Structure formats: C-alpha cells, structure tokens
Amino acid sequence: MSLEEQIRQLEEEIKNTPYNKATEHHIGRLKAKLARLREEAEKQKAKTGRPSFSIKKDGDATVVLVGFPSVGKSSLLNALTGAKSEIGAYDFTTLKPVPGMLEYNGAKIQIIDLPGIVEGASKGRGKGREIISAVRNSDLVVIIADPFNLESIKIIQRELYNGGIRLNQKPPEVYVKKLERGGLKITSTVPLSIDEQTIYEVLREYRIHNAEVLIREDVTVDRFIDAILRNRVYIPAIVVVNKIDLYNPGNLPDSVIPVSAEKKINLDLLAKSIYEKLDLIRIFLKPPGGKADLNEPMIIKRGMTVGDVCKKLHKDMYRNFRYARVIGKSAKFKEQRVGIDHVLEDGDILTIYA
Ligand SMILES: Nc1nc2c(ncn2[C@@H]2O[C@H](COP(=O)(O)OP(=O)(O)OP(=O)(O)O)[C@@H](O)[C@H]2O)c(=O)[nH]1
Ligand SMILES: [K+]
Ligand SMILES: [Mg+2]
C-alpha cells in the first residue's frame, strides 16, 4: 500500500471510530500514526525538491495575507502599504509573493501578498506547499475572506492546520526528555482528561520507550501529538472580511474585522489590529555615558531579551557582551545591571557594555 493510501485509510478509520473512554487510546494511536505518516510523506516530497518562494524578510516583523483567489489580498496590500501588486477581476492574478511595508507606531511591518490558496493546499494543490512554507515563516497570518464565501475561513484554517501551523495557540506545555533506559516516567502537574494508556500508545507510535514526560496542562490527544512532533509552528492570526462595500454580512464575531480595500473602510482599524496582534514593544538605546534617543525606538517582539537585541544590532555585540543597564518597567530599580537573558519591557532604556 502506498503512503498516500495508508494515510487515507487512517483518516477514514478515525472518522468512523466512535469516540469514548474505551476507544480513546485506540484513536490516540491512530492519530499519532497518521501524524507520523503525514510527516513521512512530506519528507519524501521534500527530497524531490520542496518548492518554496524566495522571500526576503525585512522590517521588524513579517505578516502574510492568506485567502481564496480574488478576495482582494493584493488590493489590501496596496491600500495598506502603497505597494503596487497587480489587481485583477480574475482568479490567480498574483503568482508570486509581493511585499509591502506598513509603518505603524514607529514599527516597520512587512506585509506579504501571496497567491490565492485553494482547498487541498496542504496536500500540494495549487501553490499550496509554497504558500504554507511562507506562512510558517511569518510572525502573523491575516486570513482574508469575501462576504460571499465565509466558509473559506474554516477551510483555510484547516489547510494551515494540516500544514503543521497552529493559529492562536500556545505551544503545549509538555516536556519530553528522552533517556537511554529506565522506561517511561509520566508526571503531570494538573488532572488530565486523557488517560495514561493513550499517552503510552502515542509515545509507542513514535518509538519513545525511555523518557521522562512532564505534562503541565490538560492536553488533548492532538496537542499531545503536537508536542511530540517537532515541526509544529505557533503563529498568531486575525480574520478579515473584505468588500463590505458590496455586502456587509453583519453578525460577524467581534474578532473578525470587516473592511473594504476599495472604499478604504476600516483600514486604520486593520493596521492597528495587525500592530497589536504582533505584540511588538519599543525600547530605546542609550550609549554608555551618552543620552538615549527617545525619537528612535527599536522595535522588538515581546519576550525578547537583551541578547536578542545584541544580535539584532551586531554579531560582535552579542559575542563581546559584558553586561547591560536598564531604566524602565523591566528594571527593579533605576539603571539595574542585567545579564544577556534579561527580558525587556515596552519603553525600556537600554545601555549595552561590550
Ligand atoms: N467592491 C470591492 N471590490 C474589491 C475590493 N477589494 C478588491 N476588489 C476587487 O476584487 C477583485 C480581486 O481583487 P484582487 O486584489 O486582485 O484579489 P486577490 O485576492 O489578490 O486575487 P488573486 O491574486 O487572484 O488571488 C478585483 O476586481 C478588485 O477590484 C473591495 O473592497 N470592494
Ligand atoms: K484577482
Ligand atoms: Mg492578488
């Protein structure tokens, strides 16, 4: 049986097995096997030369526009950034990625217009593979639908999910330390809904027979499998409905942003939402003995450390780092001396001694 056939058979079996306590571990095993076979299939295809767009990352963060053909991705890119991506009243006008730059609150946000995605993208339909790899490398996904096909939102989410992309999810708090011997030792800090046998079945599927497994959240089987597999990415996402000048479906969930690229409706709101969802912060650099330039913030992602800033500035800065001083929210007192792993906060003034 070919890999593809095995995958299809497993998908069928999972669909047809009723879910209850008695079948839980069996389903867990099937799902783990399915994930493993999908990964294998991906690897085989990669050998034949995995196609990928060449996109040069630029600016403080990279955002991709993902939507079915002709929902207005290129129109939105142009309206937000002044880029000149081709717009057409026919599908697949855009054939390769087109970048633009949105400036917001001192941040330079690269926005990439992608070709239209289609159902089956995760299996390679259309330019699915290239699109998914571009999404995997982004900091934020903007899913765009038009008001006449809101169903496309779910389809896109599913395709990206099958491409190993987890939108608006935190990585599972599951830590696996493989060992040479000693069997499996499973500890959890919270009560678990899945039973221990399911955990064993999944680990067995991945041939993990000796390990310490620490579980710090009430994981589902799917998230447990995600934790075992290494190729998952966790990326924030927002959903946009374009062309509301033609038809405004109303009743959209609060999280969906209705816009019109053509009539320039809600574009400010969209820019603000992109900026906020990226969770960027501003820090100010002060040379030793000098003054901070409060007009020139450096934009970094929340959670970044002094070391990350050094790397952004210069390779040598990181290598020759001695210590830093911080004024601001992340400092316990003014000009606190900190090390390379110190996490910065919005508005911090940083002096690096190298
Ligand atoms: N009425 C209206 N039409 C729009 C709006 N945005 C885009 N369009 C039209 O929708 C059509 C498709 O726009 P594009 O920007 O090419 O869409 P796309 O998603 O980039 O399309 P592909 O690259 O082919 O996937 C064009 O005819 C646009 O003029 C809008 O807000 N309102
Ligand atoms: K188009
Ligand atoms: Mg386009």
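In the predicted model, helix 2 and helix 6 pack against each other at an angle of about 25°, and their axes lie 8 Å apart. Two packed helices are described by the angle between their axes and the distance between the axes. Because angles under 35 degrees count as roughly parallel, helix 2 and helix 6 are roughly parallel to each other, and their crossing is right-handed. On the side of helix 2, the contact is made by E24, H25, G28, R29, A32, K33 and R36, while helix 6 contributes Q197, T198, E201, V202 and E205. Sorted by class, this contact of helix 2 with helix 6 has two nonpolar, four polar and six charged residues.

Helix 6 itself spans residues 196-205, and its buried residues are T198, I199, E201, V202 and L203. After helix 6 comes R207, whose phi is positive, near 55°.

Helix 4, which covers residues 128-136, is mostly covered, since seven of its nine residues are buried. The buried residues of helix 4 are G128, R129, E130, I131, I132, A134 and V135.

N168 lies in the loop between strand 5 and strand 6 (174-178), and its phi is positive, about 50°, although N168 is not a glycine. With 13 C-beta neighbours inside 10 Å, N168 counts as partly exposed. N168 is also one of the residues touched by P236, the others being L140 and K277, when residues up to four places away in sequence are not counted. P236 is placed in the loop between strand 9 (233-235) and strand 10 (237-241), and P236 is partly exposed, because 15 other C-beta atoms lie within 10 Å. The C-alpha atoms of P236 and R337, which are 101 residues apart along the chain, are separated by 33 Å.

A positive phi, near 60°, is also found in E335, a residue other than glycine. E335 is located in the loop between strand 14 (323-327) and strand 15 (336-338). With 12 other C-beta atoms within 10 Å, E335 is exposed, as a residue counts as exposed if it has 12 or fewer such atoms.

The annotation "domain: TGS" covers residues 279-354, a span that is 17% helix and 30% strand and whose end C-alpha atoms lie 28 Å apart.

For the protein as a whole, the secondary structure comes to 10 helices and 16 strands, and the C-alpha atoms fill a box of roughly 65 × 60 × 45 Å along the principal axes. Of the 354 residues, 32% count as buried. Among contacts between residues at least 6 apart in sequence, 64% join residues at least 24 apart.

Technical notes
Residues are numbered from 1 along each chain as its sequence is written. Chains are lettered from A and ligands numbered from 1 in the order in which they are written. This is a predicted model: local features need pLDDT of at least 70, side-chain atom pairs count only at pLDDT 80 or more; totals for chains, interfaces and linings use all residues. A residue is buried if 20 or more other C-beta atoms lie within 10 Å of its own, exposed if 12 or fewer, and partly exposed in between; C-beta atoms are placed from the backbone. Helices (H or I, at least four residues) and strands (E, at least two) are DSSP runs, numbered from the N terminus. UniProt positions are given in the numbering used here, feature names are shortened, and annotations may be inferred rather than shown by experiment. Axes are lines fitted to C-alpha atoms, for helices over the stretch in contact, and angles run from 0 to 180 degrees between N-to-C directions. Angles under 35 degrees count as roughly parallel, over 145 as roughly antiparallel, 65 to 115 as roughly perpendicular and the rest as oblique. A crossing is left-handed if the near helix is turned anticlockwise from the far one by less than a right angle, and right-handed if clockwise. Two residues are in contact if their C-beta atoms, placed from the backbone, lie within 7 Å. Ala, Val, Leu, Ile, Met, Phe, Trp, Tyr, Cys and Pro count as nonpolar, Asp, Glu, Lys and Arg as charged, and the others, Gly among them, as polar.
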